[in-house]
Structure formats: structure tokens, C-alpha cells
Amino acid sequence: MSSPYISFDKEEWSKLKANVPMTISAEQLENLKGINEALTMEEVSNVYLPLSRLLNLYTRASQQLHTVTDTFLGKQTKKVPFIIGIAGSVAVGKSTSSRIIQALLKEWHHHPNVDILTTDGFLYPNKVLEERGIMNRKGFPESYNTKKLLNVLGELKSGNRHVTAPVYSHLTYDILEDEVQVLDQPDIVIVEGINVLQTPKPKKAEPETYVSDFFDFSIYVDAHEDYLKKWYINRFMKLRDTAFQDEKSYFHKYADLTDEEAIEIAEDIWNRINLKNLRENIRTTRKRADLILQKDSDHFVDHILLRKM
């Protein structure tokens, strides 16, 4: 059966970096990787350098098209960012991938200003979720203020300056009411979140606007359910010994759990919430991505799928 994707193993993909130099140091890499990921310089070189080269080519083509449009119109129009969407399950490593891609893309001369916008900031505040009785469905489509996210993306694609977005705290597990992220005409915006490729269930016959309508390129970070569950539990255990120890943490109640208790609770949260969301809402968007990074059990990418143009 034919596929809309070109398939690469890591060795084949690695060759596509051509002569792109490594611009991330080992020290930088330590600051970029997630709490439970064994990321290496070799992984960055083999997977993310070729990807940064591809994204650079796409971004430059988009910038050139903007110049052509200005020439046609006979006037200079507002610069708009190239927007990249990154989706995937909880614990798959989306945030780490986003940070690595950001760090690499910032080193290209044509687009030094690269921002990350996470959809966590567009979750409804806990107070609203509690009022609506959906606190246990945090992360599901109905827990996001999608209208606000669409408005922010619309402002960015209109070339507006000083676009503001809400900020989420993983420590307090809530929106920070007195803090905003300011995006001032960036060259590239990476929009990262489990829900960025989802399409809402239509409520009426008229076409709806989707978050992905604003994307110039989209990536799905993929892994087998069993690996995701293992990574989620391992991350929970590490957070129990670190972030959860902070009395300000929403999850401080888990700080003194035994290993057995922590594993039991993490498994329950995974099966009851994250796995359900993955099967119902997240994994179904995989086929909408322009590029798929498939991870093996060691958290390293072992296969890449690139949509045919």
C-alpha cells in the first residue's frame, strides 16, 4: 500500500545534514534535555541537525515568497513568522525536541529570533476547570481555551508586534495570572503541545478554523504506548524526589510516597487520564503531521517519516 510519507532510518536521515555544523555544546545540551531523557550529541547530530537544515530551507522559502508578494503588491507588508507545530503524547519528549530545534534554528543567519509557545498556557485556570467539573480531564480538548490560542496565532500571522500569551506554571499546575509571554515579530514560532494537531468535532455545517491552519510545518513525536507509560512513571518518580519536594508544588502531597505507592499512583494517572487522551484525541492526529519522529524504547529516534510534497 502506498504511503504519503518518505521513510528514513536514522543512518539515511543523518546523511541529509550535509555539511551543517554542530552549534550546540555539550553544556548547552545538558540544559536542553528533559528530566528523564538520555539525549546525546550524537542524537542531535543524526536527527536534529538534518531537521534544522530542512526547516531552514522551508523558512527561507517562505521568507522569499513574502518578498515576492511585496514585489507584486508594490509595497512592504508586515513580516509574519514561520510557524512550526510539535505534537505528541505526554512524556514523549515534545518540550525537549522543541528546545533543541529552537537552539539549532537560532544559529541560522536568516532567522535568529525563534520563540516557543506552549499550549499549556491556554489551559483554562484550575478554578474554571473545577467549576466546570472537568479538572480530571485537564489536557483533554475541552480543557483548553482554543479561541484564545487561535486569536494569538491570528495576531502572529497578521504580523502584529508585542503579541501576548498566557503563561503556565508546572510547579503550581495553573495559569500565572500576573505573567504573560511577549512575542515581538519573531522569525519562527514553535507551537508545542499535545493538542496542536487536533480538529474539534464539528458543531455546525460551516468550516471551522483549526490551530494547525496557522502552521507552515508540523511534527509529531511518536512512541509505542508501553514506552510512553514507562517514561511517564520514571518521570513521576524523579519529580517526586525533586519538584514535588517544593511546598509550593501542586503535587507536594506526593513527595513522601514510597516507591511502591508512587508507581501505583503514576500508573493510575497514566491509565485513567493520559492513555485515554492519547487514544481518543492525540494519536489520531499523527497522520496530519508533515514529519513524524518515531522513538524506540531508549527514548532515541530510530525512524523518520517525511510527507511527500
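Does S89 count as buried or exposed, and at what relative accessibility? S89 counts as buried because its relative accessibility is 3%; buried means under 20% relative accessible area, exposed over 50%, and partly exposed in between, with a 1.4 Å probe and protein chains only.

## Basis of the model

This is a predicted model, in which local features need pLDDT of at least 70 and side-chain atom pairs count only at pLDDT 80 or more, while totals for chains, interfaces and linings use all residues. Residues are numbered from 1 along each chain as its sequence is written, and side-chain values use heavy atoms, with hydrogens and water left out.

## Overall fold

The protein chain has eight helices and nine strands. Helices (H or I, at least four residues) and strands (E, at least two) are DSSP runs, numbered from the N terminus. Along the principal axes, the C-alpha atoms fill a box of roughly 65 × 45 × 45 Å.

Of the 309 residues, 48% are buried. Among contacts with a separation of 6 or more, 73% join residues 24 or more positions apart, where contact means heavy atoms within 4.5 Å.

## Surroundings of S89

S89 is in the loop between β2 and α4 (94–105). Leaving out residues up to four places away in sequence, S89 touches K94, I194, V221, L228, W270, L278 and I282. D9 is 80 residues from S89 in sequence, and their C-alpha atoms are 22 Å apart in space.

## Helix α6 and its cover

Helix α6 (residues 146–157) has 12 residues and spans 16 Å from first C-alpha to last, close to the expected 16 Å at 1.5 Å a residue. The expected span is 1.5 Å times one less than the number of residues in the helix. In α6 the buried residues are L149, L150, V152, L153, G154 and L156. Their cover includes β2 (82–88), β3 (114–118), β4 (163–169), β5 (174–183) and β6 (188–192). After α6 comes G159, with a positive phi near 80°.

## T164 in strand β4

T164 lies in strand β4 and counts as partly exposed because its relative accessibility is 41%. Apart from neighbours within four places in sequence, T164 is in contact with V152, V180, Q181 and V182. Q181 is 17 residues from T164 along the chain, and their C-alpha atoms are separated by 5.5 Å.
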